[in-house]
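Please keep the sequence and the model in view while reading.

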Amino acid sequence: MTIPGALLDGSRATGRRHVAGIDGGATKSIAAVLSLDTFEIRFGHAGPSNVDAVGAEAAASAIRDALREALREAGVDDADVGTAVVGLAGTPSDELAQSVRAEFSPGAWYFVNDVIAAWASGTWLEPGVAVISGTGSHVFGVNAAGESWRTGGWGHVLGDEGSGYWLGLHAMKAALRYRDGSGPETALLDAAVEFYRLDAIEDLQALVYGKPLTKSEIAAFTEEVEGAAAAGDRVATGLFETAATDLATQVRAPVEMLELEGPFKVALVGGVFTSSGRLRDPFEGAVREFAPDAQFVDPEIPPVGGSLLLGLRAEDVRDVDRDALRSALSAELE
């Protein structure tokens, strides 16, 4: 995965007076249309557009619905839009892109993974790394030359180290090892029984394999892991430390591959980071071992704002009023 050069250098600027940004998520889709003349933003909303979760047809339908509403609210035609950037959770597909393009006529379309929009919103298009730890995990970095490197993002079967899913799954395994007598005592056993409303921990097997539990339902158990760690459970605390180390290892790859040096931003994205410092504190410590000048930041604007920033840069708009963009996004999305 690389970031299209035109999203950073303005080489395909259309000169049209609007840009569109879309955040296609696992639970909802948000479209935003921004006027380059007034800097006003209008929004549209629709259902989920994660291709891996709902399929290409449903995802494309949600993106179309959200963009139609945003254009209607802005009072402009799609032909007035120069660049449209779609940040998608999951795997962008040609089928989805073709379906969306068939209805609208912006000057240029870009369909990118949501970690690219997360990088844009977290760093304001400056050199640095975005780290997502939510239900899944993903890392993406860009240097001053516009070169990029992606680590992780392989999904819950092949990756997702340091994510909510990883924490939830390994907490379940720790509970079962305690039950078996092959692992240390942990409050996670009782927590799993209560959280999933089981009669006994042995019923966890049937729930995981028979229902089966979704990725999100397993990730939801992270809240209980957090509670156990806060109460001093050493197994739960160790899981957060391992998750932090795994994520830091993923960050090290783009730092080295892109030769990021001196102060650069590391944007922390996702619910596992924002819920507490259980992951964040050991993660920051692990990253500082190889990048002592890293600046850890929380994104100041939502992911749809990252898509808009990429659209603005594609139109070669470089002097963005950050306060105005923050205000416009927060006022509409509160």
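This is a predicted model: local features need pLDDT of at least 70, side-chain atom pairs count only at pLDDT 80 or more; totals for chains, interfaces and linings use all residues.

Which residues of α12 are buried?

## Helix α12

Helix α12 comprises residues 234–257, 24 residues in total. From its first C-alpha to its last it reaches 35 Å, close to the 34 Å expected at 1.5 Å a residue. Its buried residues are Val235, Ala236, Leu239, Phe240, Ala243, Ala244, Leu247, Ala248, Gln250, Val251, Pro254 and Val255.

Both ends of the helix have a feature to note. At the start of α12, the backbone nitrogen of Val235 has a side-chain oxygen of Asp233 within 3.1 Å. Just after α12, Glu259 adopts a positive phi of about 55°.

## Helix α8 and its crossing with α11

Two packed helices are described by the angle between their axes and the distance between the axes. For helix α8 (residues 188–195) and helix α11 (residues 222–230), the axes come within 10 Å and the crossing angle is roughly 145°. This crossing is right-handed. On the α8 side, Leu188, Ala191 and Phe195 take part, and they meet Glu224, Val225 and Ala228 of α11. Sorted by class, the residues of this contact are five nonpolar, no polar and one charged.

Within α8, the buried residues are Leu188, Leu189, Ala191, Ala192 and Val193. The cover over them includes α7 (164–180), α11 and α12. Arg197 follows α8 and has a positive phi, near 55°.

Leu96 belongs to helix α4, which spans residues 94–101. Leu96 counts as buried because its relative accessibility is 0%, where buried means under 20%. Apart from neighbours within four places in sequence, Leu96 is in contact with Val51, Ala56, Ala59, Ala60, Ile63, Leu88 and Phe111. Ala60 stands 36 residues from Leu96 along the chain, while their C-alpha atoms are separated by 5.2 Å.

Arg64 is located in helix α3 (residues 56–74). With a relative accessible area of 16%, Arg64 is therefore classed as buried. Its side chain and that of Ser99 are joined by a polar contact of 2.5 Å. When neighbours within four places in sequence are left aside, the contacts of Arg64 are Ser99, Val100, Glu103 and Phe104.

## Two loop residues

Is Val76 buried or exposed? This residue sits in the loop between α3 and β4 (81–88). Its relative accessibility is 18%, so Val76 counts as buried. Not counting residues up to four places away in sequence, Val76 touches His18, Val33 and Leu71. Between Val76 and Ser35 there are 9.6 Å from C-alpha to C-alpha, with the two residues 41 residues apart in sequence.

Glu289 is placed in the loop between α14 (277–288) and β10 (295–297). Here the relative accessible area is 71%, so Glu289 is exposed, the cut-off for exposed being over 50%. Glu289 and Gly306 are 17 residues apart in sequence, and their C-alpha atoms are 29 Å apart in space.

How values were computed. Residues are numbered from 1 along each chain as its sequence is written. Side-chain values use heavy atoms; hydrogens and water are left out. Axes are lines fitted to C-alpha atoms, for helices over the stretch in contact, and angles run from 0 to 180 degrees between N-to-C directions. Helices (H or I, at least four residues) and strands (E, at least two) are DSSP runs, numbered from the N terminus. A crossing is left-handed if the near helix is turned anticlockwise from the far one by less than a right angle, and right-handed if clockwise. Contact means heavy atoms within 4.5 Å. Ala, Val, Leu, Ile, Met, Phe, Trp, Tyr, Cys and Pro count as nonpolar, Asp, Glu, Lys and Arg as charged, and the others, Gly among them, as polar. Buried means under 20% relative accessible area, exposed over 50%, partly exposed in between (1.4 Å probe, protein chains only). The expected span of a helix is 1.5 Å times one less than its number of residues. A polar contact is a pair of N or O atoms within 3.5 Å; within protein, one must be able to donate a hydrogen and the other to accept it, and residues adjacent in sequence count only if both atoms are side-chain atoms.
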